[in-house]
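Please look over the structure shown below before reading the notes that follow it. The notes are grouped by topic.

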Amino acid sequence: LAGTSTALGGVTFTVEVTTGDGQTTNAAVTVTTYDPVLIVTAALPDGAVGTRYSTSLAATGGDGAFGWSLLAGPLPTGLTLDPSGLLSGTPTATATAAPLTFQTVTGDGQTASVNLAITIRPALSISTTVLPEAEVGQLYSATLSATGGDGTFSWSLLSGSLPTPLSLSTSGLIGGTPSAAEAVLFTAQVQT
């Protein structure tokens with residue numbers, strides 16, 4: 001039974017076999033045609049050392065039952081691939097994984113593969129521990145600093161408040177001219 005199917009769905013027909021001595025038997029056979037399998041995941045998100053990583057590989061077509069495996073690797077240390085396509089774990093080291101080859105096999109026997117890369121960046125941390133003191137009526141300027149991540153930082157005030165009327169920009173610059181003497185406690189947050 002061979003050929004190229006031009007329509008989706010199942011077809012049931014009866015086949016019969018006859019032996020040389022004249023014996024005959026038959027059976028109903030169903031052939032089901034599915035869409036070709038196609039991997040739709042085009043890129044994998046970056047991860048960071050010490051931060052939980054979780055993403056799923058996705059595909060369409062076939063009978064919808066996808067089993068995933070890694071054909072060429074290795075995965076960054078701390079990550080694993082589940083047969084369901086879940087790529088997860090907590091990275092333990094920085095890495096720029098050369099293209100990894102992932103494969104999926106459907107229940108109807110179709111296969112597809114894709115090359116994807118994963119970058120694991122250093123853990124994000126704030127390196128500023130102390131700020132210079134400000135003087136009433138004098139222009140104040142200090143910049144918060146951080147390391148890790150992808151190197152693009154966005155700062156915000158998580159809790160507390162700055163001395164009036166100082167402000168914190170998303171670039172990490174604290175600036176303004178204090179109008180009164182006060183001691184404040186605040187928490188700044190950085191995201192990449």
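Leaving aside its neighbours within four places in sequence, which residues is Gln 23 in contact with? With those neighbours set aside, Gln 23 is in contact with Val 17 and Thr 18, where contact means heavy atoms within 4.5 Å. This is a predicted model, in which local features need pLDDT of at least 70 and side-chain atom pairs count only at pLDDT 80 or more, while totals for chains, interfaces and linings use all residues. Residues are numbered from 1 along each chain as its sequence is written, and side-chain values use heavy atoms, with hydrogens and water left out.

**Gln 23**

- Gln 23 is placed in the loop between β1 (9–18) and β2 (24–33), the strands being DSSP runs (E, at least two residues) numbered from the N terminus.
- The side chain of Gln 23 makes a polar contact with the side chain of Asp 21 at 2.9 Å.
- Between the C-alpha atoms of Gln 23 and Ala 146, which are 123 residues apart along the chain, the separation is 83 Å.

A polar contact is a pair of N or O atoms within 3.5 Å; within protein, one must be able to donate a hydrogen and the other to accept it, and residues adjacent in sequence count only if both atoms are side-chain atoms.

**Largest pocket**

- A pocket is an open set of points on a 1 Å grid over the protein atoms alone, where a 1.4 Å probe fits, with protein on both sides within 12 Å along at least five of seven lines, and its lining residues have an atom within 4 Å of a point.
- The largest pocket is lined by 26 residues, and those nearest its centre are Leu 131, Pro 132, Tyr 140, Val 184 and Phe 186.

Methods
Helices (H or I, at least four residues) and strands (E, at least two) are DSSP runs, numbered from the N terminus.
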